[in-house]
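Here are a few notes from my pass through this one. Have the viewer open while you read, and start with the sheet before moving to the charged side chains.

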Amino acid sequence: MGEVENRFLRVQRGIVHPEGVDGPDPDDPADAPTIYRDEWPRSILNKVESADLPFRWSLNPYQGCEHGCSYCYARPTHEYWGLGAGLDFERVVLVKRDAAALLVKALRSPGWKAEPIMLSGATDPYQPVERRERITRSLLQVMHDHGQPVSVITKNGLILRDLDLLAPMAALRQAQVAISITSLNEDLRRAMEPRTASARVRLKAIAKLSSAGVPVHAMIAPVIPGLNDQEIPALLEAAAQAGARSASYILLRTNGPVHEVFTRWLRTHFPLRAAKVEHLTAETHGGSMSDHRSGRRFKGEGPVAQQIGALFKLMHGRHLHGRSAPPLDSSGFRRPAQGQLDLFQ
């Protein structure tokens, strides 16, 4: 994955990768190793001002993501840190080591009303670095200890490590999990999401979480017309068989620098299908692959989007009819006492 220009900087900085648009070889850890950089933000909770999203608060223990998904909508967030949305996003990961202490501080605020928090929003909380840093686990421990409701979204099986926290929270309706799954075709998955868990591992995570009483939502995202949209029936069937209680989908859109990153990747890996995929995707967003329009950007419009929506609705009804997850419950929230920040010093 080559770097793309940061719109906000006159002088660009980041990783130079001369080999081409593919980026580092995922089988060779010595090739463009990931740089981890400590960041010390003043606050950790982000207020979400989007009518398209079902949550008001999100929390990101990291910025940037090692997964290397070319379509990732969060890539532009790296530009605000003075980095690039291309290879920098994958290979310069910002680590928020005091995230748990900042969360305690936020929960202790008299104005905090224990609304559910989404973990994460602009990164995967279980990307590879979490295995070592355990920042996501420390955040879940704070939420567990104080009855703070949380939804977690990931595409990695590492979430099973924290089942000891998630299961008792779920029993009190304080935890839900969304597992993102995009393809059952491993060749496509390896090309599209080179440093993520396989579909088999993700389905296993759905099954184990569900068996432990944790409600799991299957997130079919992104649906890419002409690339993985035909897999919707199989994906929903597999998720339902694993125990998912609900599912949804989001159509691909490539806002800002994501467009250059994704189309480079597409034309490199699927040169014979690239023009068709780009045309179909643009058709679902009013003629452009970019779409900022609230209320339409996630599901699109036009005949192609309608066909995808109808197929999803039909298959959802066939495989997930009658299933649902209870809403998260904030009634058990216990505000942290003064002095608990000392635990994280």
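Predicted model: local features only at pLDDT ≥ 70, side-chain atom pairs only at ≥ 80, totals over all residues.

1. Start with the open sheet: seven strands, ordered β2-β3-β6-β7-β8-β9-β10, with mixed pairing. The edges belong to β2 (45–47) and β10 (246–251); each has a single partner strand, so one side of each lacks a neighbour in the sheet. On average, neighbouring strands are turned by 25° against each other, direction ignored.

2. Now zoom in on β8 (residues 175–180) and β9 (residues 216–223), which run parallel and are joined by four bridges. Ser180, for one, has Met219 in β9 as its bridge partner. Helix α7 (residues 199–211) packs on the sheet here, touching β8 and β9, and its direction makes about 165° with that of β8.

3. On to the charges: the count is 20 salt bridges. The bit I'd look at is a network linking Glu130, Arg137, Arg161, Asp162 and Asp164. Within it, Arg161 and Glu130 meet at 2.7 Å, N to O. Glu130 sits in helix α3 (residues 130–133) and Arg161 in the loop between β7 and α5, 31 residues apart. Glu130 is buried at 0% relative accessibility, while Arg161 is partly exposed at 24%.

4. Arg137, in helix α4 (residues 135–146), counts as buried because its relative accessible area of 15% is under the 20% cut-off.

5. One more pair: Glu193 and Lys155 form a salt bridge at 3.5 Å, and both are buried.

Definitions and conventions: Residues numbered from 1 in each chain as written. Heavy atoms only, no water. Helix = DSSP H or I, 4+ residues; strand = E, 2+ residues; numbered from the N terminus. Buried < 20%, exposed > 50% of the residue type's maximum accessible area, 1.4 Å probe, protein only. Pairing = 2+ DSSP bridges. Axes fitted to C-alpha atoms, helices over the stretch in contact; angles between N-to-C directions. Contact = heavy atoms within 4.5 Å. Salt bridge = Lys/Arg side-chain N within 4 Å of Asp/Glu carboxyl O.
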